[in-house]
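Welcome! Let us take a guided walk through a protein model, one piece at a time. Keep the picture open beside you as you read.

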Amino acid sequence: MSAPLQTSGAAGPGTDPAASDVALDPRLLKALFPIFSSPREKPLIYLDSAATSQKPQAVLDAMDQYYMTCNANIHRGVYGIAEQATALYEDARRRFAAFVNASPREIVFTRNSTEALNLVARAYGAWKLNAGDAVLLTPMEHHSNLVPWHQLRVERQLELRFIPMTGSGELDLDALPRLFADGRVKLASFVHVSNVLGTVNPVAEIARVAKQHGATVVVDASQSAAHMPLDVRSLGVDFLACTAHKMLGPTGIGVLWGRRELLEAMPPFLGGGEMIRTVTLTESTWNELPWKFEAGTMPIAEAVGLGAAVQWLQKLGMHRVFAHDRELAAYAMARLGELEGVRLLGPPAEKRGGVVAFTVEGVHPHDVATVLDRDGVCVRAGHHCAMPLHDALGIPASVRASFHCYSLREDVDALVAGLHHVQELFAR
Amino acid sequence: MDSLFRDHILDHYRNPRCHGTLEQPDARVEDSNPLCGDRLRMDFRFAGGRVAEVRFTGSGCSISQASASLLCEAIEGKTLDEVKAVTRQDVLDLLGIDDLGPVRSKCAMLALKTVKAAAYGVATWNDEDDDK
């Protein structure tokens with residue numbers, strides 16, 4: 001088939017993957033994200049990439065190209081553009097599979113991480129877990145990895161257990177033997193990188209202990225897939241969820257990776273078109289993987305955008321993205337640490353990704369964020385969909401700055417300057 | 001920035017009027033803003049169809065707490081019908097700001113939501129956006 005998008009991918013960062021020891025140049029990369037050159041009163045200082053990342057021109061072009069050259073529904077039409085659309089959609093799946101060292105059969109497209117985690121809870125959890133079984137979670141989960149288990153807990157009479165946190169916001173692995181001792185934990189689900197503390201959790205280590213005790217392991221990779229190399233095989237987990245819009249791709253599409261034998265065995269999640277093999281008036285049989293889990297018309301353009309984003313990230317080199325994020329986090333922690341009344345949350349820089357959350361004494365986080373906004377600085381304020389974590393920290397909310405490949409030291413400097421304004425204003 | 005964090009907003013935030021609780025109130029309404037974690041509790045004493053006394057406690061950002069202070073001060077002595085007629089624009093006028101984005105509006109309108117619940121005698125008032 002013709003591949004209309006192959007050329008647009010060339011508008012990438014122009015870095016040689018082989019030159020992987022060369023650090024990223026965020027200034028050059030920033031120029032490839034149109035939002036930063038779109039006209040506005042003040043320059044955009046975007047420090048909220050953990051909520052959603054900005055999108056490079058190559059991703060936007062790939063989606064435009066799809067709509068302008070071969071928009072058609074996939075998997076059914078036998079005419080030319082339907083074939084092209086199907087090939088693009090499945091090409092995105094193959095690219096993502098390669099990105100996380102998985103088989104394309106194991107890559108299920110969803111709406112986002114939340115839907116991916118709900119899929120696991122509903123299709124696997126409701127099928128496998130029974131009254132008296134326990135699900136192991138952590139206090140630093142995003143609501144997306146708590147609420148589906150709350151719902152299932154009530155329905156299936158499950159117990160929820162939590163790996164405790166240390167004072168520095170890391171998981172206390174010494175507690176694992178005790179938590180698994182009675183053999184009732186049948187599933188463990190936890191976040192790879194905390195969206196508030198930035199803590200990088202030792203997934204492989206927890207997974208190893210969980211597997212020794214026969215538990216199925218689910219990891220929420222929403223913050224990690226966008227920022228560090230991921231290899232589902234070496235992590236040793238069973239399911240992994242992530243979302244495109246945090247990884248330079250569009251909103252509306254996420255991914256569930258699952259081990260093939262589990263995806264084969266478990267029942268489907270949503271029923272409808274495309275996920276079936278045969279349908280009679282009273283019965284259906286299921287399509288093969290991964291389409292068994294993709295009911296209805298999927299977000300095709302978004303899948304194409306995700307494929308382009310993955311290609312773009314691969315060119316950058318994920319270990320270089322991670323190194324850049326960590327370097328900025330360390331810089332931000334040092335600069336913020338100089339400010340009186342600023343309390344940093346979470347572990348030291350070498351144990352976290354590109355996320356720095358903090359509080360400012362005497363000023364509510366929403367007021368901090370609103371004042372910073374007047375300086376063009378975009379940070380997130382609130383509980384970041386992690387209310388139990390904030391309860392554990394004894395604070396109602398926090399301010400969060402987070403980074404991606406286009407973030408600069410100057411952005412952090414603007415944040416620090418803005419915080420001086422905040423403190424001046426509220427000290428009046 | 002000055003238009004939002006005006007002196008009188010910061011003043012009401014730091015020195016809230018009508019702050020506290022009432023013994024055996026005629027109505028006690030609590031509400032929160034799940035997006036931001038702002039919380040308000042208001043105690044009301046009614047007399048002759050009017051708000052004889054109102055006291056609030058709460059936690060949250062300056063906008064949420066200052067609007068509670070300003071609104072409580074404004075409705076003391078008003079009839080319940082007058083309280084039911086208070087609009088979103090009235091709250092913005094009390095704050096002295098032209099408009100707020102949809103996110104910060106939730107902070108500013110939490111007090112209105114709480115007051116309306118008391119005036120209508122319901123646990124939660126969810127129609128504050130109708131005043132737009």
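## Before we start

Please keep in mind that this is a predicted model.

## The seven-stranded sheet of chain A

Begin with an open sheet of seven strands in chain A, where the order is β2-β8-β7-β6-β5-β3-β4 and the pairing is mixed. At its edges you will find β2 (107-110) and β4 (159-162) of chain A, each of which pairs on one side only. From one strand to the next, the twist averages 20 degrees.

A helix packs on this sheet: α4 (residues 113-128) of chain A touches β2, β5 (185-191), β6, β7 and β8 (254-258) of chain A. The direction of this helix makes about 35 degrees with that of β8(A).

## A closer look at β7

Now zoom in on strand β7 (residues 239-243) of chain A. How does it pair with β6 (residues 216-220) of chain A, parallel or antiparallel? The two run parallel and are joined by three bridges. Two positions show this pairing: A:V218 stands opposite A:F239, and A:V219 has A:L240 as its bridge partner. With β8(A), by contrast, β7(A) pairs in the antiparallel sense, over five bridges. There, A:C242 has A:V255 as its bridge partner.

In a regular strand, side chains alternate between the two faces of the sheet. You can follow this along β7(A): A:F239, A:A241 and A:T243 point one way, while A:L240 and A:C242 point the other way. Are these residues buried or exposed? All of them are buried, and β7(A) is described as mostly covered, with five of its five residues buried.

## The four-stranded sheet of chain A

Further along chain A, four strands form another open sheet, in the order β11-β12-β15-β14, and here the pairing is antiparallel. The edge strands are β11 (342-345) and β14 (380-382) of chain A, each pairing on one side only. Leaving direction aside, neighbouring strands are turned by 30 degrees against each other on average.

To see one pairing in detail, look at β14(A) and β15 (residues 398-402) of chain A, which run antiparallel and are joined by three bridges. Within this pair, A:G382 stands opposite A:S398. Helix α11 (residues 318-337) of chain A lies across β11, β12 (355-360) and β15 of chain A, and runs at about 15 degrees to β12(A).

## Two crossing helices in chain B

Two packed helices are described by the angle and the distance between their axes. In chain B, the axes of α2 (residues 62-75) and α4 (residues 88-95) come within 10 Å and cross at roughly 105 degrees. That angle is why α2(B) counts as roughly perpendicular to α4(B).

Which residues make the contact? From α2(B) come B:A66, B:S67, B:L70, B:L71 and B:A74, and from α4(B) come B:V91, B:L94 and B:L95. Seven of the contact residues are nonpolar, one is polar and none is charged.

## Where the chains touch

Finally, look at the contact between the chains, which takes twelve residues from chain A and 13 residues from chain B. On the side of chain A, helix α12 (residues 365-374) of chain A gives the largest share, five residues. By class, that side of chain A has four nonpolar, five polar and three charged residues.

Methods. Residues are numbered from 1 along each chain as its sequence is written. Chains are lettered from A and ligands numbered from 1 in the order in which they are written. This is a predicted model: local features need pLDDT of at least 70, side-chain atom pairs count only at pLDDT 80 or more; totals for chains, interfaces and linings use all residues. Two strands pair if DSSP finds at least two bridges between them. Axes are lines fitted to C-alpha atoms, for helices over the stretch in contact, and angles run from 0 to 180 degrees between N-to-C directions. Two residues are in contact if their C-beta atoms, placed from the backbone, lie within 7 Å. Angles under 35 degrees count as roughly parallel, over 145 as roughly antiparallel, 65 to 115 as roughly perpendicular and the rest as oblique. Ala, Val, Leu, Ile, Met, Phe, Trp, Tyr, Cys and Pro count as nonpolar, Asp, Glu, Lys and Arg as charged, and the others, Gly among them, as polar. A residue is buried if 20 or more other C-beta atoms lie within 10 Å of its own, exposed if 12 or fewer, and partly exposed in between; C-beta atoms are placed from the backbone.
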